Amino acid sequence: RDWLLTFSTPLLLVLAFPKADVWILSWFAFIPLFVCLNNTQKFSDAVLKAYVSGFLFFLATLYWLVHVTLPGMILMVAYLSLFFGIFGAVYWWAQRYNFLVRLFFLPSAWVVLEFVRAHFLTGFSWSTLGYSQYKNLLMIQIADLTGVYGVSFLIILVNYWLHEVVRQQVIDKKLNTEKEFVYAGLIVVGLLVAVIGYGFWSRQEATPADRSKVAVIQGNIPLELKWSKAAWPLILEKYLL
């Protein structure tokens, strides 16, 4: 069952990204992995399961790198998956703290890992969690204040809160009325309302008259042609047209 849960998270995440673009799946995609990690007693097992989940996710979203280099693609996926593995380690370690601390600590840890991934060794920010929301226009308006990392933070925050609700209401089958559980719900709902409200406000703002709209369009060039010198004149001609 634990491995089925481990595989469910990357499946849901992949469907949240292009080409499926079912962005809402991101908001609960991590629940299976969190449930799995809760059932894990060993530190090494937690790291392994999180790493495998990351490996499957990056393999499915970055498979196109095979057109450049197969060994390079495998090494890239193996490297990027380390950040999932580290998050699994952080998750396992954080279980010693109370729910409210974990609720904010885990999203913060995820954002730090995404930031490091985007900058360490020149960085590689593809498949950052917040990018899955590019069609969720109200939610992504906060990116002008927080960058994509603010969106990623919210996604992990909601995932962990929903996970706790599922664990206590469905798995443990008990209604938790502890203050920290109630406070957490109020905080999460309040944050979501505030972010959506900011999204509405931002989209209602009029575009200043002294600004112009500019579009940048990338040509649809197959990767196998992009790296062929013989095809470069044809590529240039496409852009000139």
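**Entry 1: overall fold**

I read along the sequence and noted the pattern α-α-α-α-α-α-α-α-α-α. That is ten helices and zero strands. I took helices (H or I, at least four residues) and strands (E, at least two) as DSSP runs, numbered from the N terminus. This is a predicted model, so local features need pLDDT of at least 70 and side-chain atom pairs count only at pLDDT 80 or more, while totals for chains, interfaces and linings use all residues. Residues are numbered from 1 along each chain as its sequence is written, and side-chain values use heavy atoms, with hydrogens and water left out.

I looked up the box next. The C-alpha atoms fill roughly 65 × 50 × 30 Å along the principal axes. Of the 241 residues, 40% are buried. Buried means under 20% relative accessible area, exposed over 50%, and partly exposed in between (1.4 Å probe, protein chains only).

**Entry 2: salt bridges**

How many salt bridges does the structure hold? I found three. The rule is a side-chain nitrogen of Lys or Arg within 4 Å of a carboxyl oxygen of Asp or Glu.

Asp-2 pairs with Lys-49, with the closest N and O atoms 3.4 Å apart. Asp-2 is in helix 1 (residues 2–16) and Lys-49 in helix 3, so this pair ties together parts 47 residues apart in sequence. Both Asp-2 and Lys-49 are buried.

Lys-135 pairs with Asp-21, and here the closest N and O atoms are 3.5 Å apart. Lys-135 sits in the loop between helix 5 and helix 6 (143–146), and Asp-21 in the loop between helix 1 and helix 2 (31–38), so the pair ties together parts 114 residues apart in sequence. Lys-135 is partly exposed because its relative accessible area is 48%. Asp-21 has 17%, so Asp-21 is buried.

Arg-167 and Glu-164 meet at 2.5 Å, N to O. Both lie in helix 7 (residues 148–171), three residues apart, about one turn of the helix. Arg-167 is partly exposed at 25% relative accessibility. Glu-164 is buried, at 2%.

**Entry 3: pocket and cavity**

I set out the terms before looking. On a 1 Å grid over the protein atoms alone, a cavity is a set of points where a 1.4 Å probe fits but cannot get out; a pocket is an open set with protein on both sides within 12 Å along at least five of seven lines; lining residues have an atom within 4 Å of a point.

The largest pocket holds about 880 Å³ of space. I counted 23 lining residues, with Lys-19, Thr-61, Tyr-63, Trp-64 and Trp-126 nearest the centre of the pocket. Helix 3 (43–61), helix 9 (223–226) and helix 10 (232–240) each give two or more residues to this lining. By class, the pocket lining has 15 nonpolar, six polar and two charged residues.

I then found one cavity of 30 Å³ or more. The volume of the largest cavity is about 90 Å³. Its lining includes Leu-13, Phe-30, Trp-110 and Glu-114. Which element gives the largest share of this lining? It is helix 5, with four residues.

**Entry 4: surface patch**

Phe-43, Trp-92, Trp-93, Tyr-97, Val-101 and Phe-105 make a nonpolar surface patch of about 530 Å². Helix 4 and helix 5 each supply at least two of the patch residues. Phe-105 lies in helix 5. Phe-105 counts as partly exposed because its relative accessibility is 32%. Patch residues need over 30% relative accessible area and no salt bridge; like charges are joined within 9 Å, nonpolar side chains (Val, Leu, Ile, Met, Phe, Trp, Tyr) within 5 Å.

Methods:
Points joined across faces, edges and corners; volume = space filled by probe spheres on them. Nonpolar A, V, L, I, M, F, W, Y, C, P; charged D, E, K, R; others polar. Areas by Shrake-Rupley, 256 points an atom, 1.4 Å probe, with all protein chains shown as cover.
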